Amino acid sequence: MPEHGEYSDALPAYALGALSDDEVTRLKHHLDECPECRAGLEWLRAGVEVLPASVPQIEAPPELKRRLMAVVEAEAELLRAGGASADRPEAARRRWWSSPSAARLAVGAAALCVAAIAVVLAVSAGGTGTRTVSAQTTLAGARASLQVRGTRAELVVTGLPALAADHVEEIWVKRGSAPAAPAGTFVLGSGSVAVARPVRPGDLVLVTVEPRDGTAAPTTAPVIVARI
Amino acid sequence: MAKTSNSPPPAGLRQLGDEDLMGLVARGDARAFEVVYERHATAAFSLAYRICGIRAAAEEVAQESFLAIWRGAARYDRTRGSVRTWVLSVVHNRAVDAIRRATTHERRRASDEHAAELIEAPERTDVEIARREEARSMRALVDALPGEQRRVIELAYFGGFTQEQIARLLETPLGTVKSRMRLALEKMRASIEPTGAIS
């Protein structure tokens with residue numbers, strides 16, 4: 001086992017991020033037990049902070065903020081749409097694991113924190129008055145988008161995994177702070193389905209997995225979300 | 001209904017300190033996150049670019065980092081440092097992860113060169129002017145180090161190399177690399193006394 005002095009010698013490299021993973025693991029164990037090294041590390045870290053502060057300042061591209069905020073705002077909406085259950089993902093996840101559609105919903109609550117497929121809003125189809133709105137989906141390998149023309153929207157999906165027996169996908173339209181309103185059900189791997197409610201800019205279109213006849217309000221976390 | 005990114009965050013949010021904003025972000029407040037982003041985006045992107053050396057890679061690192069901050073805001077602990085320090089730490093870790101996937105040649109080149117195609121942030125506000133001045137003074141501290149000390153800390157921090165890799169690259173004993181790292185950090189730490197803090 002290394003001596004204290006060897007750990008102490010490794011502190012500058014640790015503060016700079018220049019240790020191997022194994023070395024980091026060993027040093028962390030030592031730091032848990034050694035207040036002297038912890039104090040030494042804190043002192044050195046203030047020196048390390050000079051480095052990022054010394055970098056020439058370059059403006060971040062505006063499109064970076066647009067991409068980032070599109071994802072952040074969609075996830076914030078998901079949190080609000082999920083209500084109290086969204087604030088308790090562990091409890092929600094246990095409930096979903098016990099359902100027949102567990103395999104599809106495993107990513108459900110965690111989806112609030114899982115990397116989302118990039119949102120690209122409002123890509124014009126040009127000339128036809130129809131525009132394509134890309135959606136986020138938490139389902140691995142799946143893709144989804146909306147074709148929007150006026151107040152009508154059609155959901156286009158590819159690669160949705162098979163549903164458990166007696167379950168359907170249910171579409172919802174959520175406007176502002178109003179509860180999500182049901183807008184049709186479907187069972188589809190790839191294809192398109194009409195959103196059975198008018199939509200307008202700012203609406204969220206969500207898809208959840210529900211029992212065969214659909215429900216009056218979402219009972220699971222959305223697996224697809226798009227903002228008109 | 002949440003406001004969209006087309007409208008600026010409420011003025012009240014802009015008057016809050018970073019730590020208070022992070023409390024709101026942890027509860028899913030996208031507008032509070034937007035203010036945090038606006039305050040630290042330039043520093044974060046600049047650091048990512050300094051490490052990656054490629055704009056597209058820097059954008060990807062910055063985006064991943066801020067999403068991690070949004071999703072992991074509850075893990076921010078104000079007793080362990082400022083929000084800015086935390087943000088830059090997240091960016092640094094992710095940028096180093098990215099560059100460690102690159103070839104040694106690409107990494108060495110990136111750590112050797114300052115950004116070649118700089119588009120420096122315009123000095124639009126007093127805060128941005130102060131940041132620019134701070135960057136210049138901090139750079140002067142780094143530039144004041146003896147060359148061999150500056151080299152090892154830049155290869156480590158900006159190049160993502162481990163101390164053993166640096167020893168091999170420079171054909172220098174590992175013990176020498178370690179002592180150069182320590183001396184460099186001690187000098188920089190002493191230079192920012194008495195506060196030891198970089199806002």
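# Close-up views of a two-chain model

**View 1. Chain A meets chain B.** In this predicted model, 42 residues of chain A are in contact with 59 residues of chain B. Two residues are in contact if their C-beta atoms, placed from the backbone, lie within 7 Å. Four elements of chain A give two or more residues each to the side that touches chain B: helix 1 (4-16), helix 3 (35-48), helix 4 (50-53) and helix 5 (62-86). Helices (H or I, at least four residues) and strands (E, at least two) are DSSP runs, numbered from the N terminus. Helix 5 of chain A gives the most, with 12 residues. By class, this side of chain A has 27 nonpolar, 7 polar and 8 charged residues. Nonpolar covers Ala, Val, Leu, Ile, Met, Phe, Trp, Tyr, Cys and Pro; charged covers Asp, Glu, Lys and Arg; the others, Gly among them, are polar.

**View 2. Chain A on its own.** Chain A has 7 helices and 10 strands. Of its 228 residues, 42% count as buried. Buried means that 20 or more other C-beta atoms lie within 10 Å of the residue's own, with C-beta atoms placed from the backbone. Among contacts in chain A with a separation of 6 or more, 53% join residues 24 or more positions apart.

**View 3. Two helices of chain B cross.** The axes of helix 3 (residues 30-52) and helix 5 (residues 83-100) of chain B come within 9 Å and cross at roughly 30°. Axes are lines fitted to C-alpha atoms over the stretch in contact, and angles run from 0 to 180 degrees between N-to-C directions. The two helices of chain B are therefore roughly parallel, a word used for angles under 35 degrees. Residues of helix 3 of chain B, including Val36(B), Ala44(B) and Ile51(B), meet residues of helix 5 of chain B, including Val87(B), Val91(B) and Ile99(B). By class, this contact has 15 nonpolar, 2 polar and 1 charged residues.

**View 4. Confidence along chain B.** pLDDT is the predictor's confidence in each residue, from 0 to 100. Its mean for chain B is 84, and 82% of the residues of chain B reach 70 or more. Over residues 1-5 of chain B, pLDDT stays under 50, and the model has 12 contacts beyond four places in sequence for them. Residues 112-119 of chain B also stay under 50, with 10 such contacts. The model scores ipTM 0.83 and pTM 0.65.

**Notes.** Residues are numbered from 1 along each chain as its sequence is written, and chains are lettered from A and ligands numbered from 1 in the order in which they are written. In this predicted model, local features need pLDDT of at least 70 and side-chain atom pairs count only at pLDDT 80 or more, while totals for chains, interfaces and linings use all residues.

Key: Buried ≥ 20, exposed ≤ 12 C-beta atoms within 10 Å, placed from the backbone. Parallel < 35°, antiparallel > 145°, perpendicular 65-115°, else oblique.
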